[in-house]
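Here is a protein chain to explore together. Please take a moment with the picture, and then we will walk through it step by step.

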Amino acid sequence: MMKTTAPRRKDPQWEALAAQLDVEWSYRLAKGMEKYKTNPVLGYRTAGSRAEYLTGQMLAEEMAALGLVVTQDEFTLDGWDFHHARLSYIDPQGNLHSAELGGYQTDFDTQGKREYTLINAGRGTARELDQLDLAGKLALVAINQRDDWWINYPAYQAHLRGAAGILAVQMSGYGEVNAKSLNTQDICGPRDAPAFSLSKRDAMELMDRMGLEFGECAQVFLDARSTVMPGAKSRNIVGTIPGREPDAMIILSAHYDSYFEGFQDDNTAVSMMLGIARAVLQSGYRPQKTLVFCAMAAEEWGVIDSRYDWSTGAYNQIFRLHPEWVGRAVANLNFELPAHTHGKRHKVRSVYEYKKFLQEQIRELPASMARLCPKGVGVICPVQTWSDDFSMSIAGVPSMVNEFGTDSFMETHYHSQYDNDSAYDQRIYTFHHLFYSRLLLAFDRLALPPLDFSERLWALDESLWNQHLAPRTEGAFRRRLTQAAKRADRITQWIWELNEAAGPQSRPEELAPLRRELLELFRWCQDQFVRLNWNEEPIFPHENTQEIISCLHKAAWQLAAGDVRGALASLCQVDDNRYADNFDPEVVEYFAKMALDQPPERLMWGAGRLCPRLPLDGLIREIRRKKREKEKDFAPEIAWLQRLQKEQQRKLADQVREETALLVQLDKRLERLEEDFPD
C-alpha cells in the first residue's frame with residue numbers, strides 16, 4: 001500500500017503542538033466538571049438537567065477563553081432530574097439503617113419519607129412474580145444486566161403486577177469493583193415503571209437483618225425524587241478553529257453529561273479534547289480544514305419509551321442541527337474514557353474505511369510515544385452503537401473512538417460511584433493526548449479523505465459463512481464483491497498517491513467535488529450495509545438471519561440428543577427470545593413494539609436498521625412444558641424447528657441476492673469515481 005505521506009522521522013509542526021499539550025491542565029478541567037450535580041450526594045449530570053446546563057456553560061466559557069469560536073446548539077429532548085433516593089429501615093433490635101440509592105430515568109416522587117412494604121422478588125421473572133402479591137409494594141430484584149436482561153424487563157413486569165417500583169441489586173455484570181457499588185444505565189423503558197439501584201452490600205445486610213428470603217416482606221422507608229421532563233432543552237457546546245479551507249472539517253467530540261462523578265465517562269474525554277484544542281492554538285498551528293470541537297450533551301440518555309435512547313446529543317447534532325456537515329466533515333475523532341488503560345493494547349475502533357490509514361499512522365509513531373503502550377496499538381472495526389461515533393458514521397462522517405469496552409473496567413467501575421480519579425492512569429492519558437493530536441494533524445494535511453472501501457467489502461465477504469446457499473447465489477455474490485473490491489483498491493491507491501503528491505494546500509477547490517463524492521459513497525455504504533441485531537450490534541444485512549439458522553439447527557439436534565436445556569439456551573439466542581423465556585408475552589411484546597412501531601424521530605440512530613424479528617415464545621413455552629412434565633417425545637418441536645430453518649434459509653438466499661444487487665450498484669458508483677479522478 002502506498003503511504004499517505006513520506007515517513008515522518010521529524011514533524012516540527014506536530015512536535016510544536018505536542019510541546020503545548022498539558023495533561024495536568026486536562027486533569028484539572030476534568031475534576032472541575034464535577035462541580036455541578038443533579039444529586040448532591042452521588043453526582044449525576046443528566047440530560048436536560050440544571051447541572052448539565054451549568055456544566056455546558058462552564059465549558060463554553062472555557063472554550064472562549066482558549067480562543068475558540070463558540071456556539072451553543074440547542075435541541076429538544078426528554079430530560080431527567082434525579083435529585084435523590086434513600087432507603088431506611090429499623091431492624092428487629094431497633095437499630096436504624098439507611099442506604100443511598102442510584103437511579104434510572106423514571107418518575108417517582110415520595111414527597112418526603114414514605115413507608116413501603118419491601119418484598120424479595122428474586123430475579124424478577126414472571127414465574128417468580130406469579131408466586132407473589134406485589135400490589136403497592138417495592139420489589140427487591142437481583143439482576144445481571146450484562147448476562148441476563150436489561151433493567152426495563154423486570155421493572156415493567158413488576159409494574160404490571162402492581163408494584164410501586166423495584167430496587168435492583170447488581171449481583172454481577174456491572175459495578176463489580178466493590179460490594180458498595182451502585183449502578184445506573186439507560187432505562188429503555190416506560191417512565192411510569194420506577195426503578196432504583198441498591199448496592200449488593202446494602203441488599204445483603206438488609207436481607208440478613210430483616211430475614212428477607214424470597215417472598216418475605218419487611219417494612220422500609222423510601223425518600224426519593226426522580227423526574228422525567230418531556231420536551232426539555234439541552235445544548236451541544238461547539239468550539240471552532242477556522243481553517244484555510246472552510247468547506248472541509250474535522251470533528252472532535254466527547255460528551256459532558258454523566259452518571260455519578262463521570263471522571264472517566266466522560267470528563268477526561270471532554271477535557272482531553274479541549275486540551276488538544278488548546279495546544280493547537282498555543283502552538284500557532286494554522287489548520288487547513290476547519291477544526292470543530294463538540295462537547296455533546298445527552299449521550300447517556302435522552303428519549304423516553306425508545307429502545308435507542310442514548311447518543312441523543314450527537315444524533316441531533318449531525319442529523320437535525322447540522323446536516324450540512326455531512327459531505328464536509330472528513331473524520332470524527334470521538335473520545336470515551338481515555339484516562340484508563342482498557343486492555344493490554346490500545347486500540348482505535350474505527351469504521352472499516354479508515355482501517356488501513358490508521359494502521360499506517362500507527363506504524364509511523366515515534367518510538368518515544370510507542371513506548372507509552374508497550375503492548376502495542378491496533379485497529380478494530382466496526383464502530384459500535386455504545387458511543388456517539390456511531391451516530392456520526394451512519395450520518396456519513398467517517399468516525400473512530402478510542403476503544404473502551406474490551407476490558408474489565410466496564411464490569412467493575414463503569415456507571416458507578418467508583419468512576420472517579422482512583423482509576424486515573426496518567427501514562428495512557430498522555431498517550432491519548434499525543435496520539436489523537438497527531439491523528440488530527442494527519443487528517444488535516446490530506447487533500448482527500450483516505451477512504452478504503454475494500455475493507456468493508458472483504459469484511460462482508462468473510463461474514464457470509466452459511467453452507468447451504470445455492471452455488472449460483474453464493475457464486476454471484478462472491479464474484480460481484482471481488483470485482484467491486486478490486487476497483488475499490490485501485491481508487492484507494494489513487495487517493496493515497498494523490499494525497500502524497502498534492503499536499504493539503506494544493507487545488508482544494510478543484511478536489512472538493514471529489515471529496516464530497518467520496519463521502520457520499522461512504523454514507524451510501526452505511527445506509528445499505530449497516531443493520532442492527534437485537535443486541536444493538538452493527539451487522540451486515542444477512543448476518544442476523546444466518547445466526548438464526550445456526551441457532552435453529554443447533555436447537556433441533558440438541559432436542560434430538562435429549563439436551564433440552566441446551567436447546568432452550570440456543571433458542572434464547574435468537575433476537576429477543578431470551579426475554580420470552582422469562583417474562584410475560586405482554587412484556588416482551590411491549591418492548592418489541594418499542595423498537596418496531598415507533599416514529600423514526602424516537603428511534604433516532606436505530607430507525608430502519610433493526611433486523612426483522614423471529615418470535616419463538618410459543619415454541620419455547622411448549623418445550624419448557626414438556627421438560628417440566630418430563631415428556632420425551634420432541635418430534636413435533638424438531639419438525640417445527642426444521643420448518644423454521646427452511647423458511648430462514650430461503651430468506652437468507654433472498655437477502656444475499658439483494659446484497660449482490662447492491663454490490664453491482666456499488667461497483668458502478670466506484671466506476672464513476674474512477675472516471676472523476678484527475679490524471
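Which residues does threonine 106 touch, not counting residues up to four places away in sequence? They are Trp80, Ile187, Pro190, Arg191, Ala193, Pro194, Ala195, Ser226, Thr227 and Val228, where contact means heavy atoms within 4.5 Å.

Before going on, a word on the model. It is a predicted one, in which local features need pLDDT of at least 70 and side-chain atom pairs count only at pLDDT 80 or more, while totals for chains, interfaces and linings use all residues. Residues are numbered from 1 along each chain as its sequence is written, and side-chain values use heavy atoms, with hydrogens and water left out.

Back to threonine 106, which you will find in the loop between strand E3 (102-103) and strand E4 (108-109). Helices (H or I, at least four residues) and strands (E, at least two) are DSSP runs, numbered from the N terminus. With a relative accessible area of 0%, threonine 106 is buried; buried means under 20% relative accessible area, exposed over 50% and partly exposed in between, with a 1.4 Å probe and protein chains only. Its side chain reaches the backbone nitrogen of alanine 195 at 3.4 Å.

A search of the whole structure finds 36 aromatic pairs. Rings of Phe, Tyr and Trp (its six-membered ring) pair if their centres lie within 6.5 Å; planes under 30 degrees apart count as stacked, over 60 as edge-to-face and the rest as tilted. Tryptophan 80 and tyrosine 259 are edge-to-face, because their ring planes stand at 75°, with the centres 6.5 Å apart. This pair links distant parts of the chain, 179 residues apart: tryptophan 80 belongs to strand E1 (residues 69-90), and tyrosine 259 to the loop between strand E10 (245-255) and helix H7 (263-283). Tryptophan 80 is buried at 1% relative accessibility, and tyrosine 259 is buried at 4%. Both belong to one aromatic cluster, together with Tyr44, Phe82, Phe108, Tyr116, Phe196 and Phe260.

A second pair joins phenylalanine 357 and tryptophan 496, whose ring centres are 6.4 Å apart and whose planes are at 80°, so this pair is edge-to-face. Phenylalanine 357 lies in helix H9 (residues 355-363) and tryptophan 496 in helix H15 (residues 471-502), so parts 139 residues apart in sequence are tied together. Phenylalanine 357 is buried, with a relative accessible area of 1%, and tryptophan 496 counts as buried at 1%.

Rings can also have a charge over them: NZ of Lys or CZ of Arg must be within 6 Å of the ring centre and within 35 degrees of the ring normal. Lysine 113 lies over the face of phenylalanine 221, 5.8 Å from the ring centre. Likewise, the charged end of arginine 146 sits over the ring of tyrosine 174, at 4.6 Å from its centre.

Finally, visit helix H1 (residues 12-19), where Trp14, Leu17 and Ala18 are buried. Seen down the axis, the buried residues of H1 fall within an arc of 100°, so they line one face of the helix; the arc is that of the directions from the helix axis to the C-beta atoms. Pro12 and Ala19, on the other side of H1, are exposed. The cover over the buried residues of H1 includes H7, helix H10 (367-370) and helix H13 (426-444).

Key: Polar contact = N/O pair within 3.5 Å; in protein donor to acceptor, adjacent residues only side chain to side chain.
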